[in-house]
Structure formats: C-alpha cells, structure tokens
Protein chains: 2
Amino acid sequence: MDQIEIFAPASVANVSCGFDVLGFCLEPIGDIMRVTKTESPGVTIGSITGQELPTDPLKNVASVAVLSLLKTFKSSYGFRIDIDKKIKPGSGIGSSAASAAGAVFAVNHLLGAPYSRKELIQFAMAGEVLASGAKHADNLAPVLLGGFTLVRSNKSLDVIKLPSPPDLVATIIHPKIELKTIHSRAILKQTVPLEKAVEQWGNLGAFVSALYTNDYELLSRSMKDKIIEPFRAMLIPKFEEVKAAAINTGALGSGISGSGPSIYALSKGMKTAIEVGNAMKTQFDDLDIEYEVHVSKINEEGIKIINSL
Amino acid sequence: MDQIEIFAPASVANVSCGFDVLGFCLEPIGDIMRVTKTESPGVTIGSITGQELPTDPLKNVASVAVLSLLKTFKSSYGFRIDIDKKIKPGSGIGSSAASAAGAVFAVNHLLGAPYSRKELIQFAMAGEVLASGAKHADNLAPVLLGGFTLVRSNKSLDVIKLPSPPDLVATIIHPKIELKTIHSRAILKQTVPLEKAVEQWGNLGAFVSALYTNDYELLSRSMKDKIIEPFRAMLIPKFEEVKAAAINTGALGSGISGSGPSIYALSKGMKTAIEVGNAMKTQFDDLDIEYEVHVSKINEEGIKIINSL
C-alpha cells in the first residue's frame with residue numbers, strides 16, 4: 001500500500017463533569033487526510049485546503065505527531081501529508097486532535113499497522129502538546145477509538161472505551177470566534193473547593209454508570225460542571241442563554257465543548273437534537289456572530305479509511 | 001406484624017478514589033436489631049448490648065433516624081429498639097450507618113413498608129448527621145441497597161446501585177483505636193489542586209467502568225487517592241506499611257475504610273483476600289495495638305430480616 005485516504009472526525013472533550021478525561025466522537029464533521037509514501041525519509045506537508053495551517057513539518061500538528069511515531073518505529077521511506085481541513089482550529093471540537101490522530105493512524109496503516117489504535121495515542125499526543133501546551137488525551141481517545149472514552153490517567157495514557165446509549169444524539173453550535181486552548185486554560189483556577197470536587201466526581205461516576213445502563217435521566221442529572229464551566233463560560237458570548245435554550249427544548253444537558261467556544265448538547269433522539277440546534281441558533285441571531293450547527297450521532301467507529309492504493 | 005429482628009451490616013465508604021460518594025456493603029459483620037411495636041407513640045431504646053451507647057432517644061442515632069421517619073409518616077403506636085451492637089463506633093466501617101439504616105428499615109417494615117430502601121436513606125441521614133456532623137450517604141446507601149453504591153449527590157440524595165464483579169472479596173483490618181469521623185474531617189484541606197482532582201475523577205470514572213466490565217486490572221489501577229488519604233493516613237499507625245503489605249500479597253488495592261482507622265483491601269478471590277488479611281496483621285503484631293480482621297464477599301443484599309412476628 002502506497003497511499004491512504006482517511007476521515008478524521010471532530011470530537012467533544014471536557015464533557016461537563018469530565019474535564020480533561022471524558023470525550024466523545026462526532027460523525028458528520030471531520031478532516032480528509034491523504035498520506036502518501038515518499039522515497040526520501042521524513043515527513044512533508046503537501047497541500048492544505050480549507051484552513052491556513054503551517055506547512056513547516058516542525059510546526060504542523062499532523063507532521064509533528066508522525067515524527068513522534070517515526071522516532072520509535074524507524075522507516076526507510078517517508079510520508080507526504082495532504083490535508084483538507086474542515087475543522088476550524090480553535091473551534092473547540094478537537095481540530096488539532098483530528099489532525100494528529102488522523103496522521104498517525106494513516107502512517108501506521110502504511111507501515112503495516114505495527115500499533116493498535118490505543119497505542120497511537122502516545123504519538124498523536126505530540127501534536128496536542130504543540131497545539132495547546134498541555135498533555136491531554138480527551139480528544140485523541142475518542143477520535144482514535146470512537147464512541148465515548150475516559151482517560152483514567154493523562155500521564156500513563158490509560159484510556160477506556162465506554163458504551164454509548166443507542167438514542168444519544170449530539171448538537172454542536174460553533175460560534176465563529178477563535179479561542180485558543182492555551183488561553184482557555186489560563187483562565188482556570190489551579191485549586192478547587194473540595195466540596196465542588198466531590199460533586200464533580202459524583203457526577204462523573206454517575207455519568208459513566210448511565211452510559212452502561214442507558215439511563216438517560218441519570219445522564220441528564222449528572223451533566224453538571226461547577227468547576228470549569230463557570231470560568232470558561234465568561235469567554236463565550238451568550239453561553240448561559242444558549243445552554244438554557246438547549247435544555248428548555250429538551251436536551252438532556254449542555255456544556256462547553258472542549259475549551260470552547262463551541263457549545264454542545266446531548267439529547268435523546270434525532271428529532272429533539274435538531275430542535276435543540278434550532279433553539280441554540282436563535283440565541284446568536286441577534287448578535288453579529290456567524291455560527292455553524294452540527295447534529296451528530298455518537299460516532300462509534302472513530303477515524304475511518306476512505307481509500308487506499 | 002408486631003416485632004422484627006434484622007441484621008444491619010457494616011460497610012466501607014470513601015473507597016479510595018470515591019471520597020464521600022463510593023461505598024460497598026460487607027457480609028460477616030453487623031448489628032442485630034430488634035424493633036417492637038409499643039402502645040404509646042414515640043421511640044424508646046430498650047437494651048443495648050455489645051457497646052456502650054446512649055439510651056436517650058434524642059442522642060442515639062437509631063432512634064433519631066426513626067424520629068425523622070415518624071415526622072413524615074405519622075404512626076399511632078410507637079417503637080422500642082433493642083440493639084446488639086457488634087460494630088464498634090469509630091471503627092470506620094459504618095457503625096452509625098448500620099444503626100440508623102437498620103432502625104428505619106425495621107420501623108418501615110412494621111409500618112407496612114411505605115418507603116423503598118432508597119427512600120429510607122433520607123431518614124437514616126438524621127442519624128449520620130448526629131454521629132458525624134456531616135450529611136453523607138456513602139455508608140447508608142450500601143447498607144440499605146447492598147453491593148457497591150455511588151452517591152451522585154449528597155444534597156439531593158441521588159443514589160445509584162452499581163454491579164459487583166463476582167470474584168471481588170474485601171479484607172478489613174480494624175486496629176482498635178478510636179477515630180471520630182468529626183476529627184478525621186477536620187484534618188482535610190478545604191481546597192484541592194485541580195490537577196489532583198482531575199486524576200481523582202479519572203480514577204473514579206474508571207473504577208465505575210471496571211465494576212460494569214469485571215475488569216479487575218482496571219479496578220486495581222484506579223484504586224488511588226491522592227487527595228484524602230495522604231492526610232488521614234497520618235492518623236492511622238502504620239497505614240502505609242499495612243497498605244503495602246496488602247498490595248504486595250496480591251490485593252488489587254487498599255485504602256482507608258471510611259474515615260479510618262480501619263484499612264480495607266480488595267482482592268480477586270477468597271484465597272488471596274485471606275492471605276492479604278494475614279499480611280496486614282503482621283504489621284500490627286509488633287505494636288501494642290489490638291486488631292480485628294474481617295474477610296468478606298460483597299454483600300449484594302444489604303440489611304436483611306432475620307425474624308418477624
């Protein structure tokens with residue numbers, strides 16, 4: 001095999017009660033990446049369409065992730081990466097994770113798949129660190145493994161795939177303002193009240209239980225975040241109004257996607273999820289902010305191969 | 001029915017990563033309580049054997065819990081409570097929870113069971129507040145519901161029963177020094193580093209997942225507590241040595257039971273759990289501290305009826 005084309009999906013991390021540990025994978029939006037073997041070793045960035053991104057292999061998250069893989073797994077040939085970038089950087093739906101995970105997935109395949117999807121997280125991490133300055137796998141894990149994922153430890157990269165209730169549908173609204181993860185991190189307090197931390201882990205435990213038991217009511221009750229959201233909400237215009245509109249329209253819960261500015265909601269059933277999207281939209285209609293809305297089932301598969309030759 | 005005799009089991013709360021939310025129910029140790037209808041309304045404490053406890057109904061956790069129930073559910077007759085108290089107060093295995101939950105369970109039964117086991121938690125809580133000054137349900141929930149339980153919210157008493165892996169066996173060592181919950185709470189810091197809180201909820205999410213999937217390895221990796229244990233360990237002689245002995249003998253993990261001084265371990269299989277108990281013991285043998293060791297399967301049933309007339 002000399003060339004592979006893959007679809008690297010967007011994802012939602014920091015799912016309410018699961019800051020830095022809980023994420024899920026989206027279906028309709030993602031990048032198309034084509035990776036081609038080259039005679040000379042190393043990694044080059046070919047064409048980039050859709051967004052403006054660095055073509056210097058040491059500055060592009062896709063190539064940086066691949067270079068990390070090639071440090072461990074030596075290859076006599078090299079790789080050219082062409083990217084059709086559909087996920088806007090800084091949108092809060094895992095733009096850098098899609099690039100980094102997609103690139104290592106594709107290269108791994110061309111190398112004869114020496115690594116499992118889970119093992120690829122460690123290499124893709126180099127891309128995340130370049131993008132945000134922090135080592136976190138809560139977008140990488142759902143992109144590579146699909147579905148909901150829990151990162152037990154960001155240090156040892158102990159990652160678990162969780163089940164998804166069958167009727168769960170996500171709605172994402174992306175107001176087109178850019179928030180760098182690195183700035184959204186800076187706004188957070190480095191200590192939290194013990195009482196609030198206890199509430200948060202009670203909610204996360206309940207959320208995980210609800211995923212196993214398809215308990216939509218419990219899922220709804222546990223979608224709370226009193227630690228991160230109150231701070232980051234300040235960076236997102238009309239966050240509270242958009243969230244309230246989603247919940248009043250029947251969403252199980254709503255919160256900040258990743259580090260924002262995208263806002264996600266989870267609903268039971270496609271019909272409700274679409275109505276929730278319409279209700280969220282109306283909140284932005286009187287502002288001069290462009291937005292995009294995505295309605296998506298939980299993508300159980302993660303990255304997928306479109307073509308290979 | 002005029003009289004009921006029940007077994008109210010001990011329990012382990014604050015299970016490592018699940019401070020204030022995660023607990024499980026023990027099998028071999030518990031109180032025997034006999035509750036008898038009386039003509040005159042109200043609650044009296046009859047005989048108390050095994051331990052010295054207040055007989056004033058306003059100072060005994062069992063009667064205080066029953067009084068809380070009778071505030072909501074009026075009864076024309078009253079109740080006498082006789083207690084054979086096997087669980088030593090201040091031992092860290094839910095002594096007050098057994099008394100409070102046992103008493104309301106028995107009275108509820110004599111009243112024709114107007115409340116579910118889950119609903120009884122709210123009344124038993126009055127006993128816990130009397131005993132420790134704090135409103136926490138992480139011992140009450142496993143005593144009433146059996147098995148592992150998660151308290152999503154101590155405020156709204158949203159409690160979930162979790163499944164138990166079939167081969168899981170607990171070992172408890174109880175060094176006979178008394179630690180009041182109220183003092184063990186005072187030693188805790190009221191704020192925690194965000195980074196440690198994230199680790200803790202990552203571990204709790206993984207622990208819950210492991211219970212659903214019978215993943216003993218994951219259970220083991222997630223039995224960590226870097227927030228509460230480092231402080232409370234200072235109140236327990238040789239805690240670190242006992243914990244290390246348990247883990248070196250094959251326990252999946254070990255930590256403080258409740259607010260101590262008891263130390264628990266979880267193992268896969270009865271044989272290992274017994275060996276773990278022996279290893280824990282040897283740590284106390286060169287100190288002049290008495291101890292008791294209990295080895296217990298997870299008690300899936302919780303409180304049970306022994307007799308009724």
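This is a predicted model: local features need pLDDT of at least 70, side-chain atom pairs count only at pLDDT 80 or more; totals for chains, interfaces and linings use all residues.
Select chain A. It contains ten helices and twelve strands. The radius of gyration of chain A is 19 Å, close to the 19 Å given by the globule rule for 309 residues, so chain A is as compact as a globular protein of that length. Along the principal axes, its C-alpha atoms fill a box of roughly 55 × 40 × 35 Å. Of the 309 residues in chain A, 54% are buried. Among contacts in chain A between residues at least 6 apart in sequence, 74% join residues at least 24 apart.

**The two domains of chain A**

Next, colour chain A by its domain assignment: domain 1 is 3-162 + 299-308, and domain 2 is 168-297. Their C-alpha centres lie 24 Å apart. The contact between them takes 27 residues from domain 1 and 34 residues from domain 2.

Stay on the domain 1 side. The elements giving two or more residues to this side are strand S1 (3-13), strand S2 (22-38), helix H3 (121-132) and strand S5 (148-153) of chain A. S2(A) has the largest share, with five residues. By residue type, this side of domain 1 divides into 15 nonpolar, eleven polar and one charged.

**Where chain B touches chain A**

Now show both chains. Their contact takes 35 residues from chain B and 35 residues from chain A. On the chain B side, select strand S5 (148-153), strand S6 (158-162), strand S8 (191-193), helix H6 (194-213) and helix H7 (216-222), the elements that give two or more residues. Which of them gives the most? That is H6(B), with 14 residues. The chain B side comprises 19 nonpolar, ten polar and six charged residues.

Zoom in on strand S8 (residues 191-193) of chain A, which pairs with S8(B) in the antiparallel sense over three bridges. To see one bridge, pick A:Pro193 and its partner in S8(B), B:Thr191.

**Helix H2 of chain B**

Finally, select residues 95-110 of chain B, which form helix H2. At 1.5 Å a residue, its 16 residues should span 22 Å; the end C-alpha atoms are 23 Å apart, which agrees. Is this helix buried or exposed? Of the 16 residues of H2(B), 14 are buried, so the helix is largely enclosed by the rest of the structure. Following H2(B) is B:Gly112, which has a positive phi, near 90°.

Technical notes: Residues are numbered from 1 along each chain as its sequence is written. Chains are lettered from A and ligands numbered from 1 in the order in which they are written. Helices (H or I, at least four residues) and strands (E, at least two) are DSSP runs, numbered from the N terminus. The expected span of a helix is 1.5 Å times one less than its number of residues. A residue is buried if 20 or more other C-beta atoms lie within 10 Å of its own, exposed if 12 or fewer, and partly exposed in between; C-beta atoms are placed from the backbone. Two residues are in contact if their C-beta atoms, placed from the backbone, lie within 7 Å. Ala, Val, Leu, Ile, Met, Phe, Trp, Tyr, Cys and Pro count as nonpolar, Asp, Glu, Lys and Arg as charged, and the others, Gly among them, as polar. Two strands pair if DSSP finds at least two bridges between them. Domain bounds come from an automatic or database domain assignment. The radius of gyration is taken over C-alpha atoms; the globule rule is 2.2 Å times the number of residues to the power 0.38.
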